[in-house]
Amino acid sequence: MITVSVALLIIGLVALVKASDVFVDAASSLATRLRVPKMLVALTIAAFGTCAPELAISFNSISSHNVDMTLANVIGSCIVNILLIVGIATIVKPIEVKERTVKRELPLLVLVTGTFFVVLNDTLFGGKANGLSRIDAAILMILFGIFMAYIFFTVHAHKTKRGRLPKTKYTMGFAILYIILSLATIAFAADIVVDNAVVIANAFGISQKIVAMTAIVIGTSLPELTMTVGASRKGEFDLAVGNIIGTNIFNICIVLGLPTLIYGGFESASFGIIDTMVVLVAALAYYVFGRSNKKLTRKEGIFMVMLFAAYYAYVLSA
């Protein structure tokens, strides 16, 4: 049984890497042919597509009243996405950040993350327990509406531009087809990796807490990892940066906000100020590092990975 799980785990990882590689090329081709910035494709198609595993887990866990799994899913994913994934991608190849991203997309990420920090930490404002209410979830959904309005107006503004199209790897039809197929493969492969990682962990007697914060959280972030590192390696920096920004906004507003709005609020004693503070610090670091010289350097990438390691050491020792 363990041998089969290990084999499936390896197959899943290989499929993730290959599918993410195809997605980057297809998304880049589609953005060029639609005459919209690649950043917008990353903020929408890439981000929403790679969030599918987290969204499925969130709906399942909130509907079954396992709210700690939901918070572990969202908080862990947001931290992993920036500190580990962007950190690793930056170490592989320093990431260039455009002026527009520093002035618009990254501040939006900080706004959403800061709001998440405030609405979850009720004890900081006189509440008896930390948690999320339907009103809090509605606020997050409103922020997501603002984010989507920004995307809509930006796309509209750029579609008026005309000129000779540069050569792309795929035609528009094949780009759309490969995006759909690669996202489906990414979601399916992520499930294979997570499921078999849990089987292996249980077989060796690893605690459910460690499984939740490692196999589940890091496992469901594998699509973002392979896609971001692949985009960075190919010099598609807008895809690399935008994927993480869009993914974290989607995680907080939709993966957490939408199920809470549907099923009702909850309280949790397992996650608090330290966990949400790290989420906020990660977003601020992303903004500050991106703003400095419009580039994320290898030293900054190393710092991110070290901060990630320090937080996880705290989580696993608590």
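User: Where is Asn 121 found?
Analyst: Asn 121 sits in the loop between helix 5 (99-120) and strand 2 (131-132). Helices (H or I, at least four residues) and strands (E, at least two) are DSSP runs, numbered from the N terminus. This is a predicted model: local features need pLDDT of at least 70, side-chain atom pairs count only at pLDDT 80 or more, and totals for chains, interfaces and linings use all residues. Residues are numbered from 1 along each chain as its sequence is written, and side-chain values use heavy atoms, leaving out hydrogens and water.

User: Why does Asn 121 count as buried?
Analyst: Its relative accessibility is 0%. Buried means under 20% relative accessible area, exposed over 50%, partly exposed in between (1.4 Å probe, protein chains only). Therefore Asn 121 counts as buried.

User: What does Asn 121 touch, not counting residues up to four places away in sequence?
Analyst: It touches Asn 130, Gly 272, Ile 273 and Thr 276. Contact means heavy atoms within 4.5 Å.

User: What makes helix 4 largely enclosed?
Analyst: Of its 26 residues, 21 are buried, so the rest of the structure largely encloses helix 4.

User: Where does helix 4 bend?
Analyst: At Val 80, by about 35 degrees. The bend is the angle between axes fitted to the seven residues ending there and the seven starting there.
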